[in-house]
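These are my notebook entries from a slow walk through one structure, written down in the order in which I looked things up.

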Amino acid sequence: MKHRSLSDRAFWGAGTILVVAYALVPIGWIVSLSLKPTANVADHKFLPSGATFANYRTIFKDPQFPAALRNSLGIALIATVLAVALAMFAAYAIVRLDFPGKTAVLSGALAIAMFPQVAIIGPLFNMWRSLHLFDTWPGLIIPYMTFTLPLAIWTLSAFFREIPWDLDKAARVDGATPFQAFRRVIAPLAAPGVFTSAILVFIFAWNDFLFATSLTSTNRARTVPAAIAFFTGASQFDFPTGQIAAASVVVTVPIILMVLIFQRRIVAGLTSGAVKG
Amino acid sequence: MTDVRRRRPHARRVVGATVAAGLLALPACGGGSSGGVPTINWYAKEEAGGSMSDAAKACTASAHGRYRIKQVPLPTTTDEQREQLVRRLAAKDSSIDLLNMDVIWTAEFANAGWITRWPTARAEQVTKGKFPNVVDSARFKNQLYAAPLNGNTQLLWYRSDLVTTPPKTWDEMISQAEQLAREGKPHRIQVQGQRFEGLVVWFTSLLASAGGTVLSPDGTKVALPAGPTRRALAVMRRMSRSVAADPGLSTSQEDQGRQGWETGESAFMVNYGFVWPSASKNNPELAKKMRWAPYPTVDPGRPSKATIGGFNIGVGAYSKKRELAFDAATCLSSKENQLGFAAKSGLLPVTTSLYDDPKVTEATSDAVDAAGKPTQVKSFPYAKAIREALATAVLRPKTPYYNDVSLAITRTLHPTRDINPDKDVKRLRDAITKALKGEGLL
Amino acid sequence: MTTTVPAPAAAGHAAAVSTSKPKVRRRARSERARAERRLGWMLCAPAVTVMLLVTAYPIGYAIYLSLHRYDLRFPTETTFIGLRNYGAVLGNRLWWQDLTSTLTITAISVVIELLLGFLLAYVMHRAIFGRGLVRSATLVPYGIITVVAAFAWRFAFDPATGFINGMLHTQRAWFTQQWSSYLVIVLTEVWKTTPFMSLLLLAGFTLVPDDVVKAARVDGATATQRLRKIIIPLMKPAILVAVLFRTLDAFRIFDAVFVQTRGAQGTETVSILGYNTMVSRLNLGLGSAVSVLIFACVLIISFVFVKGFGANLSQQRGEG
């Protein structure tokens, strides 16, 4: 560790505090709002003067929020498993095998990562309604899987490049087929990368709003972001501020925990391959 | 990344757990059924007090096992409800047996073939004794497509401590409010200026009060007579630029109006009846000074015409249980259930005679007295005013393109402070002409 | 692609056969290459198929729909109308207004994000203590659902419920004017996505060797000079790619605008316009014309970055 002067430390310390505050102010605010009793919602204060869990009780008593939570978890998890599985095969092939068209796969994936998703919601809606996929789990899993594949392929390729491939070669010399080599040697080595891309894919699927509003309409497949945006108030003209805040907190806490526990991996995933070829 | 052995079981466990969690969650997407009794799905927003699900229960009970009504919840605002429903209907969803429809959707839904026409005998049964103009909201091309469920119009609310005689016209109201402002008293007027359906309600009411209509009687062409349209627009402009306008007017919906009223800064408010029980609960001092009057008019010589709001109940065209659905809709829109909607959720009936029923006139709701102790107030002290208003109230334009027409109106007139009555008559005509052709971005 | 005959022989097996060695070896090599090629395609096939089916096919379908009058509310009136939908979109003021506001939001947010992200990356790069803390804190906005972030900021600025007005001692109705609506939307975007930007830039900092910077310092270069002459040029590839990613991502902004203004006060973006036309109005023909035009805009932006600024994407990874 290099020697640093006191002022230097103070400077970077202040920077750290600023960054933490930056990240946490909106979170603190939404927690505070969710705890405010109805009469205090409009008190213009950052901190609640009293705390009540009434909003939390309300959202869990109503069928829509628990259903949305179930849908979000299920859809995001399945999409994650599928996307990572498909991406694993593709990334292995790209890193390890020589075949024409692999650059096309990579750049195609990149193009899809930048694809304006709104451009296909109309056609997708029309296709889904004739395929009876509208307002179903697969109806969301398919687009989520598609739009996270590029992320997963690129992240995994970056991780796979780090793997000591001599092990693979050794296995193949020992008589293993390329597929066996993949399954026995490379897959376990690749686990950290797989796990990292799974986290990133999950965050994407958990976050999506556009597909969720366009391709679902009831508790059957509606996920949390869409459910929150269309939350039902007590009466036709009533806006459920407190309940939206409470629901937001419920879906934010697991993400924050995940981010805190896996921060090293997420950073590695987001920056891996960003500089390497 | 060298420690292969330690990573391996870890990765397996993670993937395994992920798959397991996914599988665990899977059964949740299967639909439920209850042995033998056909289920009628009723797409309806739940109302405060649970009156919708209570009605579903009551009708299920009275069906004696012929059907069972399951209420499927919808979002709060009607724009969002429509969005959800049309997507399902366009997808030919057979699970929609019954749906609560805002009075403005009838033409669009009927024309697209999404809802079922009511046979004459059944139509007779569900329209008998109801306000003729409310029944008209459920008709398209002279056929009934829905059973009227509840009705509503806006009233003028004012503070008796600030206003001695309620104004008859908008101009009078704005002048009174501006006078109050000069005296340093609460003076704001709460009205809906957000770019949403409520803005169409405001415009339609003003236009009708000035003697105009948006569309020709057959609903295929623009009417918008120059004189009345300009008058209506001039009122909107004056209102929006007055000191009496709320600073948040251009984002104000009904509930923002209520909040603005309950802070005590307002002298007038144009709004629905839900503001009364709310004020009685949140600001009892203020509620004591709250009075109501008919919707303000435009020209002193011409009575005001409020706009009809409310819901009708339709039968989905792709339903596989239409006959049972008709039965269920008839039950849900019966007098008993209308009284339930009124008593529990403050939704006013559409059957004329119910306005004399003690269950409406004597209904009470929870409130708070000046000392903060729980008490009861009458739910509908203003019922008579609504009954009179509903009898003369007007419908918003009836056309399969209603949604586009509504967008054209709100897009052209929002923000209301920038309205230019001379130029905007033409802009409005152009926008609506385009909307009626299904052309153009909105 | 030298032979067309299927050859199942494995490499080891072929080597064991002793006749005409050179030919066999060549054949073995090409067969192994073929097997490898086939495996490569097989392994990529599922991912590629899914991506094509869910993006390329719908885009083709969108082009088809955009040439028709196709309104789900009027199912019987579907007809081919050529380019009329494009005429209707491009001839409408609303399209240009929405495009302008989308580009405005994009430009302002990306510039702010670049500056803030650079700073943040620098803090992460240099922070001595609490490095993990900074990193975790940075990731919080990245992980949060955009809709939730949009609601948090909307409620914060709301004149009835918000603390911002209380803090500033004003009674401003933030969502009633264009500039202040933009302000909240941009703030939400910046808050949510600066962390991502800073992580991409953080990776770029590793491109700058410490000893080069140190040597410059010894030579008497000031901090600004070091930044302008050494750090930024070395980081240019990383910066360009981060900016391109974020520009294209910001261009499709939907969630925050939908939650905060739903496009009122002139804040409507092209994504909202597409959504409104297709999903709310069910006018798939007209809406598809909007979609195709949005797609074209994205192509143009990418082209400008790649050809104009020389952004080299092949060294970079994708972000969904």
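Entry one, domains. I looked up how chain A is divided, bearing in mind that this is a predicted model, and I found domain 1 at 1–52 and domain 2 at 61–271. Taken over C-alpha atoms, the centres of these two domains of chain A are separated by 31 Å. I then turned to the contact, to which domain 1 of chain A gives eight residues and domain 2 of chain A gives seven residues.

Entry two, a sheet in chain B. I followed four strands of chain B, which form an open sheet with mixed pairing in the order S8-S9-S7-S10. Strand S8 (188–190) and strand S10 (290–293) of chain B each have a single partner strand, so one side of each is left without a neighbour in the sheet. On average, neighbouring strands of this sheet are turned by 20 degrees against each other, direction ignored. I looked closely at strand S7 (residues 155–159) of chain B, which pairs with S10(B) in the antiparallel sense over four bridges, and I wrote down that Arg159(B) has Met290(B) in S10(B) as its bridge partner.

Entry three, chains B and C. I found that 24 residues from chain C and 20 residues from chain B take part in the contact. On the side of chain C that touches chain B, helix H3 (84–90), helix H4 (93–126) and helix H12 (270–280) of chain C are the elements that give two or more residues, and H12(C) gives the most, with four residues. I recorded the classes of that side of chain C as 15 nonpolar, six polar and three charged.

Note on methods:
Residues numbered from 1 in each chain as written. Chains lettered and ligands numbered in written order. Predicted model: local features only at pLDDT ≥ 70, side-chain atom pairs only at ≥ 80, totals over all residues. Domains from an automatic or database assignment. Contact = placed C-beta atoms within 7 Å. Pairing = 2+ DSSP bridges. Axes fitted to C-alpha atoms, helices over the stretch in contact; angles between N-to-C directions. Nonpolar A, V, L, I, M, F, W, Y, C, P; charged D, E, K, R; others polar.
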